[in-house]
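Thanks for coming, everyone. Let me put the model up, and then I'll walk you through it.

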Amino acid sequence: MTKDPLAEAGLHFDELNKLRVLEPEVDQKTRELKEECEDFVDKMGQFQKIVGGLIELVDELAKEAETEKMKAIGARNLLKSVAKQREAQQQQLQALIAEKMMQLERYRIEYEALSKVEAEQKEFIDQFILQK
């Protein structure tokens, strides 16, 4: 077989009979690679859009979680405050009960003293009436 002098020089004819520097197989593989690269770039663009949407969603969820966390902290602090107020109120009521118990004891002692005085006065009146 005789070799094509143009092929030996690195020149080739394509299917449209245009003179090309690349071999037809290399040209075909180059075009396929170009198409695959374009597909890859398109898929990467779609991937970036999806990831961007996911990042926005995660950021939004993080903000909502932070808001809920702050609400929970506020509620916990309020609960602690209410508990402290109840404890203080309980201490005040216990002090009031102790004060009232002391007052009751004073009234009981005073009642016993007055009852004794009343009994003595009744006895005196009875003796006074009997002497007449």
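**A short tour of the model**

We have two helices and two strands in this protein. Keep in mind that this is a predicted model. Start at the N terminus and read along: the order of elements is α-β-β-α.

Now the surface. The protein has 132 residues, and 2% of them count as buried. Its accessible surface comes to about 12,800 Å². Carbon and sulfur atoms account for 60% of that area.

Helix H2 covers residues 24–131.

Let's take the charges. How many salt bridges does the structure hold? Four. I'll go through some of them.

First stop, glutamate 68. Its salt-bridge partner is lysine 71. The closest N and O atoms are 3.6 Å apart. Both residues sit in helix H2, three residues apart, and that is about one turn of the helix. How open are they? Glutamate 68 is partly exposed, at 47% relative accessible area. Lysine 71 has 52% relative accessibility, so it counts as exposed. The cut-off for exposed is over 50%.

Further along, look at arginine 108 and glutamate 112. Their side chains meet in a salt bridge, at 2.5 Å from N to O. Again we are in helix H2, and these two are four residues apart, about one turn. Glutamate 112 counts as partly exposed, at 44% relative accessibility. Arginine 108 is partly exposed too, at 37%.

Which residues are linked in a network of salt bridges here? They are Glu105, Arg108 and Glu112.

On to glutamate 118 and lysine 122. The side chains of these two meet in a salt bridge as well, with 3.8 Å from N to O. What separates them along the chain? They are four residues apart in helix H2, so about one helical turn lies between them. Glutamate 118 has a relative accessible area of 43%, which means partly exposed. Lysine 122, at 49% relative accessibility, also counts as partly exposed.

Enough charge. Let's look at nonpolar side chains. Which residues make the nonpolar surface patch of about 410 Å²? Phe40, Val41, Met44 and Phe47. One of them, phenylalanine 47, is found in helix H2.

Last topic, the aromatic rings. The count comes to one aromatic pair. That pair is phenylalanine 124 with phenylalanine 128, and the rings are stacked. A pair of aromatic rings is described by the distance of the centres and the angle of the planes. In this case, the centres are 6.4 Å apart and the planes are at 20°. Why do we say stacked? Because planes under 30 degrees apart count as stacked.

Where are these two rings? Phenylalanine 124 and phenylalanine 128 both lie in helix H2, four residues apart, about one turn of the helix. Are they buried or exposed? Phenylalanine 124 counts as exposed, at 56% relative accessibility. Phenylalanine 128 counts as partly exposed, at 44%.

To recap. The elements run α-β-β-α, and 2% of the residues count as buried. There are four salt bridges and one aromatic pair. Phe40, Val41, Met44 and Phe47 make a nonpolar surface patch. Over to you for questions.

Terms used: Residues numbered from 1 in each chain as written. Predicted model: local features only at pLDDT ≥ 70, side-chain atom pairs only at ≥ 80, totals over all residues. Heavy atoms only, no water. Buried < 20%, exposed > 50% of the residue type's maximum accessible area, 1.4 Å probe, protein only. Areas by Shrake-Rupley, 256 points an atom, 1.4 Å probe, with all protein chains shown as cover. Patch = residues over 30% accessible without salt bridge, like charges linked within 9 Å, V, L, I, M, F, W, Y side chains within 5 Å. Phe/Tyr/Trp six-rings, centres within 6.5 Å; stacked < 30°, edge-to-face > 60°.
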